[in-house]
Amino acid sequence: AKVSYLAGSELSIADFATLPWMVAVDQFYGAKDILDLDNLKNIQRWKSELLDRPAFIKGMQVTALPNKK
């Protein structure tokens, strides 16, 4: 990727808004395989990098997905 984050070289609201949706695509909707996300290396790098940040971890706990029934 030419940039590290969705809107450029700096972390922005775009990253904060999109990360929960990317987690939901996998964990709630089960669409990771359908969308072949493992082959989208820059998305995986971006997601892993953000989820390693303590503030993102805390934020994801606040917006935790409900248990799928």
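Me: Is lysine 32 buried, exposed or partly exposed?

Reply: The model is a predicted one, and the reading is made from the relative accessible area. Residues count as buried under 20%, as exposed over 50%, and as partly exposed in between. Lysine 32 has a relative accessible area of 25%, so it is partly exposed.

Me: With which residue does the side chain of lysine 32 form a salt bridge?

Reply: A salt bridge is read from the distance between a side-chain nitrogen of Lys or Arg and a carboxyl oxygen of Asp or Glu, which must lie within 4 Å. Here the side chain of lysine 32 meets that of aspartate 38, at 3.3 Å from N to O. Aspartate 38 is partly exposed, with a relative accessible area of 38%.

Me: How many salt bridges does the structure hold?

Reply: The structure holds 2 salt bridges.

Me: Where do glutamate 49 and arginine 45 lie?

Reply: An α-helix has 3.6 residues a turn, so residues three or four places apart point the same way. In this structure, glutamate 49 and arginine 45 both belong to helix H2 and are 4 residues apart, about one turn of the helix. Glutamate 49 is partly exposed at 30% relative accessible area, and arginine 45 is partly exposed at 32%.

Me: Which residues of H2 are buried?

Reply: Gln44, Trp46, Lys47 and Leu50 are buried in H2. One then asks how these residues are placed around the helix axis. They cover an arc of only 165°, so they lie on the same side of H2. The cover over the buried residues of H2 includes H1 and H3.

Me: How many helices and strands does the chain have?

Reply: The chain has 3 helices and 0 strands. Read from the N terminus, its elements run α-α-α.

Me: Which residues make up the largest nonpolar core?

Reply: The largest one here has 11 residues, among them Tyr5, Leu19, Trp46, Leu50, Phe56 and Met60. Helix H1 (13–27), helix H2 (41–51) and helix H3 (54–62) each supply at least two residues of this core. H1 gives the most, with 4 residues.

Me: Which residues does methionine 60 contact, leaving aside its neighbours within four places in sequence?

Reply: Contacts show what a residue is packed against once its sequence neighbours are set aside. Methionine 60 is in contact with Leu19, Pro20, Val23 and Leu51.

Me: How many aromatic pairs does the structure hold?

Reply: A pair of aromatic rings is described by the distance of the centres and the angle of the planes. The structure holds 2 such pairs. Phenylalanine 16 and phenylalanine 56 form a stacked pair, with 4.9 Å centre to centre and 5° between the planes. This pair links distant parts of the chain: phenylalanine 16 is in helix H1 and phenylalanine 56 is in helix H3, 40 residues apart. Phenylalanine 16 is partly exposed, with a relative accessible area of 43%, whereas phenylalanine 56 is buried, with 6%. Phenylalanine 28 and tyrosine 29 form an edge-to-face pair, 5.1 Å centre to centre with 90° between the planes. Phenylalanine 28 is partly exposed at 26% relative accessible area.

Me: What is the phi of aspartate 36, and where is its place in the chain?

Reply: Aspartate 36 has a positive phi of about 55°, although it is not a glycine. Aspartate 36 is in the loop between H1 and H2. At 37% relative accessibility, aspartate 36 is partly exposed.

Me: Which residues does alanine 1 touch, not counting residues up to four places away in sequence?

Reply: Alanine 1 is in the segment before H1, and it touches Asn42 and Arg45. The C-alpha atoms of alanine 1 and tryptophan 46 are separated by 9.9 Å, although the two residues are 45 residues apart along the chain. At 68% relative accessibility, alanine 1 counts as exposed.

Key. Residues numbered from 1 in each chain as written. Predicted model: local features only at pLDDT ≥ 70, side-chain atom pairs only at ≥ 80, totals over all residues. Heavy atoms only, no water. Core = buried A, V, L, I, M, F, W, Y, C linked by side-chain atoms within 4.5 Å. Buried < 20%, exposed > 50% of the residue type's maximum accessible area, 1.4 Å probe, protein only. Contact = heavy atoms within 4.5 Å. Phe/Tyr/Trp six-rings, centres within 6.5 Å; stacked < 30°, edge-to-face > 60°. Arc of directions from axis to C-beta.
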